[in-house]
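This briefing is for a reader new to the structure. Please look at the sequence and the model first; the notes after them are grouped by topic.

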Amino acid sequence: RSLNHMYQFSLNLFLRLFKHALEAPAAPGDIQARISMLSMTLLQMVFAYTSRSLFKADRLTFGMHFVRYLHPHHFDDQAWDLFLGVAVEGA
């Protein structure tokens, strides 16, 4: 299935979200904690922005891809094919 042209977000949009994430307050000192916090903040912002702009029919698919990205160890290839509706041998 091809990507709907409505879902082609600009780099400019993601740069604005990134700059906004950098403005989030952080505890001074620990660089690793700051990087982790920025990463989580940016992930939440991108998820919120993207999910609000989806057509209702595509929300479940987006959610499944997002969860798979965050927790790939929970999805083996056969389970993922089943979620996508691909024929699975032995099923």
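Predicted model: local features only at pLDDT ≥ 70, side-chain atom pairs only at ≥ 80, totals over all residues.

Which residues form one aromatic cluster? The cluster is made up of F9, F14 and Y49.

**Aromatic residues**
- The count of aromatic pairs comes to 6.
- One of them joins F9 and F14, an edge-to-face pair with 6.3 Å centre to centre and 90 degrees between the planes.
- F9 is partly exposed, at a relative accessible area of 25%, and F14 is partly exposed too, at 29%.
- F75 and W80 have ring centres 5.5 Å apart and planes at 85 degrees, so this pair is edge-to-face.
- F75 and W80 are both buried.

**Helices α1 and α2**
- Helix α1 covers residues 11–22 and helix α2 covers residues 31–52.
- The two pack at an angle of about 135 degrees, and their axes are 9 Å apart.
- α1 and α2 are therefore oblique to each other.
- The crossing of α1 past α2 is right-handed.
- On the α1 side, the contact involves L13, F14, L17, F18, H20, A21 and L22; on the α2 side, R34, L38, T41, L42, M45, V46 and Y49.
- By class, this contact of α1 with α2 has 11 nonpolar, 2 polar and 1 charged residues.

**T50**
- T50 lies in helix α2.
- With a relative accessible area of 8%, T50 is buried.
- Apart from neighbours within four places in sequence, T50 is in contact with F9 and F62.

Definitions and conventions:
Residues numbered from 1 in each chain as written. Heavy atoms only, no water. Axes fitted to C-alpha atoms, helices over the stretch in contact; angles between N-to-C directions. Helix = DSSP H or I, 4+ residues; strand = E, 2+ residues; numbered from the N terminus. Parallel < 35°, antiparallel > 145°, perpendicular 65-115°, else oblique. Left-handed = near helix turned anticlockwise from the far one by under 90°. Contact = heavy atoms within 4.5 Å. Nonpolar A, V, L, I, M, F, W, Y, C, P; charged D, E, K, R; others polar. Buried < 20%, exposed > 50% of the residue type's maximum accessible area, 1.4 Å probe, protein only. Phe/Tyr/Trp six-rings, centres within 6.5 Å; stacked < 30°, edge-to-face > 60°.
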